[in-house]
Each structure stands twice: as structure tokens, then as C-alpha cells.
Amino acid sequence: MPLALGTAALVLVVLLWELARPRVIRALARLRESRRERRRVTAEIGFDPGRERRAEQRARELLRSCVEERDWAMYRDLGFLRVWGGLGERSQAPGASYAYLIYPHRPIVAYVPQTGALLSEYCVAFPDHSRPYGSARLPDSDDVLAKWMALQADERRLISEANMHLPGRQIDPERIRRDLVRLSAWERETGEGATDIVRAA
Amino acid sequence: MKLLRLKPGHGEILLAEGDVELPEQERELIEAFRRELDAGMWAAVPSESRDGRRRAELVKSFADVPRDAERVIFFPRAAGGAPRSAR
């Protein structure tokens, strides 16, 4: 009799465990998620808008000191930089067969200047894993500078490190076409010569 | 020559500064340069050509840095990613 009761109790415990196991697993997953969320919120609390503004100001000055005056004006006025492609004909010069638009913390967009046709998005980031102030993100203008330096110095390497996607994965193609129109208008206004012929507009 | 590093939440910071013609200061520059490369940073030397074009060159050792370079800028190495969706 005790043996039968013991066996029954054992079977009951095993059955209960089998029934409860999915819930236990879900509860553990929720616990892990809530801990992650707490850490994320703690990091955000450390966000200091004044510090970030000062960092961005420093980054803009550094960018300005590194790129050509014309490119700086383009970034200041339009919010992005155009870099001529270096691997085709007329490399890294007006009239190149392709060019890139560099946006802060957005993919690099490749396009054909003569037609405005979008070629691809290159998703690339420069994460600082030391997270000095709880974030791995460089200031906007430092991100643009890092992309500019890497493209200028070793375009092939940067592109090979990036994840390539079709246009529209992260940036609305309409927005890019509008930016290309703005770029053409800007170049006409500033007398730099409209080198992009955007038919897509 | 100045060694600068791009840093989140700060902008660039000055890592080291010295005259490469003075052995003691050059040694300090080399040590700082190696520390950054060991930490996984990329090093770029901005420059200006004779026709006024601004360029940058990635360097892998201090010996590759032109002696007359004013700045070497370190920044985190590129990683493929899709940081966030379009707004």
C-alpha cells in the first residue's frame, strides 16, 4: 500500500512538473526581459541632453576641420554629405558613376548621380563598446565623420563590413529623392554647379 | 602631432600630443597609438592635397603616419548593422 501511494505521488509530481514547465520557462523569460528593461531604463536615465549637445558641438567642429568647406556647408545646410564613389570611372570626383549620401546614424545610400536611381543601402555603425556614458553611439557629426573617413580611405573595406540592402529598407526612398532634389537646388543656389541630374523628382 | 579619439557622449578627446622629432614624446605617441589599436579602434589621418582636396587615410601602424601629420583620429571599427528603423 505505501509503495503504491509513493509511486502515485511520484507520478503526480512528474505530471504536475510537465504541466507547469512551459509556464515556468515563460516566467523565467519574462524575468530576464524585465531585468534587461531595467538596465536599459537605467542607462537612459544617465542621458544628459546638455552633455550630448556639447558633444555634438565638438563633433561638428571636428567634422568641419576635416572635410572641405563646400562639404561642410552641404552638411550644415542639408543634414547629409555626398561622397563620390571611388571604384568606378572618374573615381572620387564630380561625374563619378555613382555616389553616396552619408546621413548620421542611418545607412549610407548609394545612387547614380546622372539619373538619381537608388542602388543600395549600406548599414554600418561604429559602436563604442566601452559605452563611456551608457551609450555606444557616437555624436551625429562624429558618425558622419567616421563614415566619411572610412569611405575616403578604404571604400571597399567599409562597404564589405556593411550590411547591404535594397533601397527602402531603412530610409524611405521618397525622402532620398527629395534630398537629391534639395541637393541639386542647393548646388545651383550656391553656385557650385549642379552635378546631379535628378530625373526621379 | 595630436592623437584624438571619437567618443560617445563627449565628442573627440585628446589622447596624446607631442613632437615626433623628440624621442621621448614620440615614444608616448607610439604607446598611445598602440593602445587604441589594441582596443580595436581604426586610425585615420586627415590630410589635404596640393589641390586643396581633403582626404583621409587609414593607418595600421605608427610608422604609416606621415611625419608631418597634425592629427590622427581614432574611432570604433565599422560593424554592419541596422541600428534602427526609419522614422
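## Reading a two-chain predicted model

Q: How far apart do the C-alpha centres of domain 1 and domain 2 of chain A lie?

A: The C-alpha centres of domain 1 and domain 2 of chain A are 48 Å apart. Domain bounds are taken from an automatic or database domain assignment; in chain A, domain 1 covers 1-46 and domain 2 covers 51-189. This is a predicted model, in which local features need pLDDT of at least 70 and side-chain atom pairs count only at pLDDT 80 or more, while totals for chains, interfaces and linings use all residues. Residues are numbered from 1 along each chain as its sequence is written, and chains are lettered from A and ligands numbered from 1 in the order in which they are written.

Q: Which residues of H2(A) are buried, and which are exposed?

A: A residue is buried if 20 or more other C-beta atoms, placed from the backbone, lie within 10 Å of its own, exposed if 12 or fewer do, and partly exposed in between. In H2(A), the buried residues are Ala55(A), Ala59(A), Arg60(A), Leu62(A), Leu63(A) and Cys66(A). They fall within an arc of 170 degrees seen down the axis of H2(A), so they line one face of the helix; the arc is that of the directions from the helix axis to the C-beta atoms. An α-helix has 3.6 residues a turn, so residues three or four places apart point the same way. On the other side of H2(A), Gly50(A) and Arg53(A) are exposed.

Q: What covers the buried residues of H2(A)?

A: Two residues are in contact if their C-beta atoms, placed from the backbone, lie within 7 Å. The cover includes helices H3 (69-78) and H4 (140-161) of chain A, together with strands S2 (11-17), S3 (41-48) and S4 (54-59) of chain B.

Q: How many residues does the contact take from chain A and from chain B?

A: Chain A gives 38 residues to the contact and chain B gives 26. On the side of chain A that touches chain B, H2, strand S4 (118-125) and H4 each supply at least two residues. H4(A) provides the largest share, nine residues. By class, that side of chain A has 22 nonpolar, five polar and eleven charged residues.

Q: Which strand of chain B do two bridges join to S4(A)?

A: Two strands pair if DSSP finds at least two bridges between them. S4(A) is joined by two bridges to strand S6 (residues 79-80) of chain B, and the two run antiparallel. Val124(A) stands opposite Gly80(B), and Ala125(A) stands opposite Ala79(B).

Q: How many bridges join S4(A) to strand S3 of chain A, and how many to strand S5?

A: Four bridges join S3(A), residues 108-111, to S4(A) in antiparallel fashion, with Ala110(A) opposite Ser120(A). Their hairpin has six residues between the strands, and Gly116(A) takes a positive phi near 80 degrees there. Three bridges join S4(A) to S5(A), residues 163-165, also antiparallel; Tyr122(A) has Met164(A) as its bridge partner.

Q: What pattern does chain B follow along the sequence?

A: Chain B has one helix and six strands, in the pattern β-β-α-β-β-β-β. Buried residues make up 30% of its 87 residues.

Terms used. Nonpolar A, V, L, I, M, F, W, Y, C, P; charged D, E, K, R; others polar.
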